[in-house]
Amino acid sequence: MLPNCEIRRFNNSGHALLLEADFNLVTVIMGANFYRRGRHLDFVRDFVPPSTSEFDSVYQPYRWMEVAFNPVMISTLENGNIVRGLTGIPSEGPVLLVGYHMMLGLELVPLVSRLWNEHKIVLRGIAHPLMFKRLREGKMPVLSMYDDYRFMGAVPVSATNFYKLLSSKSHVLLYPGGMREALHRKGEEYKLFWPEQSEFVRMAARFGAKIIPFGTVGEDDIGQMLLDYDDMMKVPYLKALIEELTGDVEKLRYDTEGEVSNQDVHLPIILPKVPGRFYFYFGKPIETAGRKEELKSREKAHELYLEVKSEVERCIDYLKEKRENDSYRNIMARLPYQASHGFDSEVPTFDL
């Protein structure tokens, strides 16, 4: 009876929900994308950066990931020196982070939270439309499942939103491999599924954005895939379920050639392992300022696109090699250290 109504459930709350100390109605409204300045929702202009208390409230349910995966982050200064932490990430935008999408996007929470906690940088992710709308009522999870991502600034993928983010000097997160990369098959860990044609270089150059390639490693240390997309498509019931889920959401890259066009929605079956560790390596910032005219050439833009892709692969290879020398790679080695030094302490890792 209520047009455009969206339901939010608070199962652990009582009848006086609005009087509870940890309940913030504004956070709920913004997470549901009901806050707007004009007649129509503008994902960029209508976004309000979270306060410290709002971020802490949203981040609290995910804090376990910091202990379980204890991410190691290293970055590269403009002079090429590799340093621990995120000092190499420019504080002023526009900045475009381009990298590898780990299985199920497990790297998102550590990445977004570290940038906020250490530098108060809000990372605006370019996200799949399934986080924002449904084409029909079906078996997809409720949209409220993605409220936290929207509250932290995620926007649905589109050229218009990408343009607005860069023009507003934002820090933007882009995964060219998209859903195909985040839902890869057995044996495809750390393989990039990028489109053949460059998608972001000329837009970045238009606003003089700094492009930061990065790699992430660690998914193979927290789980083993039992059933992937290929296995599930051999089971009639699961095949029908995948087809139904895919029909519930907007399809992307249907006109793109290659494996990246396979955007079928499914949830692979993964057997958890005793957690290892996540590793992030941010490469040297690539300047596009002053190259707008040069990169109007498709050939030059494609050359830079391949350079970024190659740098992401190099970052991944670097981390895979270096983590072999990390004495605290496994959680069982980290817990005694954290117990004696505090769970917020920085656990040692490999030498740079």
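**Reading the labels on this model**

Guide: Arg277 and Asp326 are both buried. The model is a predicted one.

Visitor: What makes Arg277 and Asp326 a salt bridge?

Guide: The N to O distance between their side chains is 2.9 Å. The cut-off is 4 Å, so the pair qualifies as a salt bridge.

Visitor: Where do Arg277 and Asp326 lie?

Guide: Arg277 is in the loop between β9 (269-272) and β10, and Asp326 is in the loop between α11 and α12 (331-341). The pair therefore ties together parts 49 residues apart in sequence.

Visitor: Which residues are joined into one network?

Guide: Asp220, Asp221, Arg323, Glu324 and Arg329. Salt bridges with shared partners connect them.

Visitor: How many salt bridges does the rule give?

Guide: The count is 23.

Visitor: How do you know that Arg37 and Asp46 belong in that class?

Guide: Their closest N and O atoms are 4.0 Å apart. The rule asks for within 4 Å, so the pair is listed as a salt bridge.

Visitor: Is Asp46 buried or exposed?

Guide: Its relative accessibility is 5%. Buried means under 20%, so Asp46 is buried. Arg37 has a relative accessible area of 47%. That value falls between 20% and 50%, so Arg37 is partly exposed.

Visitor: What makes Glu287 and Lys210 a salt bridge?

Guide: Their side chains meet at 3.5 Å, N to O. That is within 4 Å, so the label applies. This pair links distant parts of the chain, 77 residues apart. Glu287 is in the loop between β10 (279-282) and α11 (298-322), while Lys210 is in strand β7. Glu287 has a relative accessible area of 34%, so it is called partly exposed.

Visitor: What is the strand order in the sheet?

Guide: It runs β2-β1-β10-β7-β3-β6-β4-β5. Eight strands form this open sheet, and the pairing is mixed.

Visitor: Why are β2 and β5 called edge strands?

Guide: Strands β2 (82-84) and β5 (155-156) each pair on one side only.

Visitor: How do you know that β3 and β7 pair?

Guide: Five bridges join β3 (residues 95-99) to β7 (residues 210-217). Pairing needs at least two bridges, so β3 and β7 count as paired. The two strands run parallel. Val98 has Pro213 as its bridge partner in β7.

Visitor: Why does the packing of α2 against α4 get a direction label?

Guide: Helices α2 (residues 52-59) and α4 (residues 108-119) pack at about 155 degrees, with their axes 12 Å apart. Angles over 145 count as roughly antiparallel, so α2 is roughly antiparallel to α4. Their crossing is left-handed.

Visitor: Which residues in α2 and α4 meet?

Guide: Thr52, Phe55 and Tyr59 of α2 touch Val109, Ser113, Trp116 and Asn117 of α4.

Visitor: What is the peptide bond from Gly93 to Pro94, cis or trans?

Guide: The bond is cis, with omega near 5 degrees. Pro94 sits in the loop between β2 and β3.

Notes:
Residues are numbered from 1 along each chain as its sequence is written. This is a predicted model: local features need pLDDT of at least 70, side-chain atom pairs count only at pLDDT 80 or more; totals for chains, interfaces and linings use all residues. Side-chain values use heavy atoms; hydrogens and water are left out. Helices (H or I, at least four residues) and strands (E, at least two) are DSSP runs, numbered from the N terminus. Buried means under 20% relative accessible area, exposed over 50%, partly exposed in between (1.4 Å probe, protein chains only). Axes are lines fitted to C-alpha atoms, for helices over the stretch in contact, and angles run from 0 to 180 degrees between N-to-C directions. Angles under 35 degrees count as roughly parallel, over 145 as roughly antiparallel, 65 to 115 as roughly perpendicular and the rest as oblique. A crossing is left-handed if the near helix is turned anticlockwise from the far one by less than a right angle, and right-handed if clockwise. Contact means heavy atoms within 4.5 Å.
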